[in-house]
Amino acid sequence: MLLAAGSYMLFYNLPLAMLPLFLRGESVGGVWIGGRASMGLLSLAMVVYAGATALAANQWGRLADR
C-alpha cells in the first residue's frame, strides 16, 4: 500500500513542478511557449490544488487504516 501510494504521489506531483511554468509561459527565440496566464490565475490554480490535496489526504488516511 505504501509503495503504491508513494509511486502515485511521485508521478502525480512530478509534473506539478512544471505547471506554473507552462501556465505562465515564456518566450524562447521569439516563439511563445506555454499559456499566457496572469499571476492571479496562477495563484488561484495553486490554491485550488493545495485545497484539493488537503481534502484528498483525509481519504488516503482512511484507506491506510483499512
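**Figure 1. Order of secondary structure elements in the predicted model.** From the N terminus onward, the elements of the chain follow the order α-α-β-β-α. The radius of gyration of the chain is 16 Å, well over the 11 Å given by the globule rule for 66 residues, so the chain is more spread out than a compact globule. In total, the chain contains three helices and two strands. Taken along the principal axes, the box filled by the C-alpha atoms has dimensions of roughly 55 × 25 × 10 Å. The model is predicted, with an average pLDDT of 85 for the chain; 100% of the residues score at least 70.

**Figure 2. Confidence by element.** Within the chain, the lowest confidence belongs to helix 1, with a mean of 83. The highest is found in strand 2, which spans residues 31-33 and reaches 91.

Figure 3. Buried residues make up 6% of the 66 residues of the chain. Among contacts in the chain with a separation of 6 or more, 33% involve residues 24 or more positions apart.

**Figure 4. Nonpolar surface patch including Tyr8.** Tyr8 belongs to helix 1, which covers residues 2-13. Together with Met9 and Tyr12, Tyr8 forms a nonpolar patch on the surface. The accessible area of Tyr8, Met9 and Tyr12 together is about 290 Å². Tyr8 counts as partly exposed because its relative accessibility is 41%, which falls between the limits of 20% for buried and 50% for exposed residues.

Figure 5. Arg24 is located in helix 2, which comprises residues 19-24. With a relative accessible area of 37%, Arg24 is partly exposed. When neighbours within four places in sequence are left aside, the contacts of Arg24 are Trp32, Gly35, Arg36, Ala37, Ser38 and Met39. Trp60 lies 36 residues from Arg24 along the chain, and the C-alpha atoms of Arg24 and Trp60 are 31 Å apart.

**Figure 6. Position of Val47 in helix 3.** Val47 is part of helix 3, which runs over residues 39-65. Its relative accessibility is 58%, so Val47 counts as exposed, the cut-off for this class being over 50%. A distance of 16 Å separates the C-alpha atoms of Val47 and Leu21, two residues that are 26 residues apart along the chain.

Technical notes
Residues are numbered from 1 along each chain as its sequence is written. This is a predicted model: local features need pLDDT of at least 70, side-chain atom pairs count only at pLDDT 80 or more; totals for chains, interfaces and linings use all residues. Side-chain values use heavy atoms; hydrogens and water are left out. Helices (H or I, at least four residues) and strands (E, at least two) are DSSP runs, numbered from the N terminus. The radius of gyration is taken over C-alpha atoms; the globule rule is 2.2 Å times the number of residues to the power 0.38. Buried means under 20% relative accessible area, exposed over 50%, partly exposed in between (1.4 Å probe, protein chains only). Contact means heavy atoms within 4.5 Å. Patches are made of residues with over 30% relative accessible area and no salt bridge: like charges are joined within 9 Å, nonpolar side chains (Val, Leu, Ile, Met, Phe, Trp, Tyr) within 5 Å. Accessible areas come from the Shrake-Rupley method with a 1.4 Å probe; for residues, only the protein chains shown count as cover. A salt bridge is a side-chain nitrogen of Lys or Arg within 4 Å of a carboxyl oxygen of Asp or Glu. pLDDT is the predictor's confidence in each residue, from 0 to 100.
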